[in-house]
Amino acid sequence: MTYEAITVETNAQGTKGVTLLTINRPKALNALNSTVLAELIDAFAAYQADDSQLCAILTGSGEKAFAAGADIKEMSDKAAADFYLDDFFSPWTSEIVKKTRKPWIAAVNGFALGGGCELAMMADFIIASDNAKFGQPEIKLGVAPGMGGSQRLTRAIGKSKSMEMCLTGRMMSAEEAERSNLIVRSVPQADLIADALKTAATIASMPPMATIANKEMVNSAFEMTLDQGLIVERRIFQILTASEDKKEGMEAFIEKREGQWKGR
């Protein structure tokens, strides 16, 4: 499918099983508008449905911005009743986060502000360029985060630092973001996509059913008590022991060879 505001490359740059999605509005610093939203929902659904694609990367075009926030021009004249009745921003979570069971990575280049920061935090983890900047500056517009910023940022970096960022609108550097556990690492801008592709390729080489299961397990740690999470972990482990890939993986280990995965 041809998109207007994003590009999609399967088996990206020759990397088997990896899909690269790019927000492609460089003149608007990849600001998130309704077109980007609709196209990302469609592209993530296609990625989830394609059994040949096992890990995805989301990035922004150019070097200046991953996504510099929501498109304020599109939002400025929208009535409060319309925001409420449309349940504005809800599709990002319900259609992308909840329905994308397979792993995906945010490769953040440059600014990830407001909705851009929130979108990056929806990923399973973030790799950032050394010039990346993260922030929730909505307070400067008289509003507040509306796409998970106050919730995911707080879970990632703690109450004090998240509160300070939301109340002042200041930006966090890639170095600070790594220290604060918002991102897994920062790399030189020129190496960002190559690093993300290498990481995604590693994930794509793993047993597909097990990658989904491991993602569910880790996510459950943020949504349940420890006792509940341990039960979920045990049950998922027990399910995996009945899989064909479990049998193949253990045989391959004993025979000192690479596993041949079926995803079942």
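Rings of Phe, Tyr and Trp (for Trp, its six-membered ring) count as a pair if their centres lie within 6.5 Å, with planes under 30 degrees apart called stacked, over 60 edge-to-face and the rest tilted. This is a predicted model, in which local features need pLDDT of at least 70 and side-chain atom pairs count only at pLDDT 80 or more, while totals for chains, interfaces and linings use all residues. Residues are numbered from 1 along each chain as its sequence is written, and side-chain values use heavy atoms, with hydrogens and water left out.

**View 1. The aromatic pair of F44 and W104.** The structure holds 1 aromatic pair. F44 and W104 form this pair in an edge-to-face arrangement, at 4.8 Å centre to centre and with 65 degrees between the planes. Because F44 belongs to helix α1 (residues 34-49) and W104 to strand β5 (residues 104-108), the pair ties together parts that are 60 residues apart in sequence; helices (H or I, at least four residues) and strands (E, at least two) are DSSP runs, numbered from the N terminus. Both F44 and W104 are buried, a term that means under 20% relative accessible area with a 1.4 Å probe, counting protein chains only.

**View 2. K102 over the ring of Y47.** K102 lies over the face of Y47, at 4.6 Å from the ring centre. A charge sits over a ring if NZ of Lys or CZ of Arg is within 6 Å of the ring centre and within 35 degrees of the ring normal.

**View 3. The surrounding chain.** The protein chain has 12 helices and 10 strands, and 42% of its 264 residues count as buried.

Definitions and conventions
Buried < 20%, exposed > 50% of the residue type's maximum accessible area, 1.4 Å probe, protein only.
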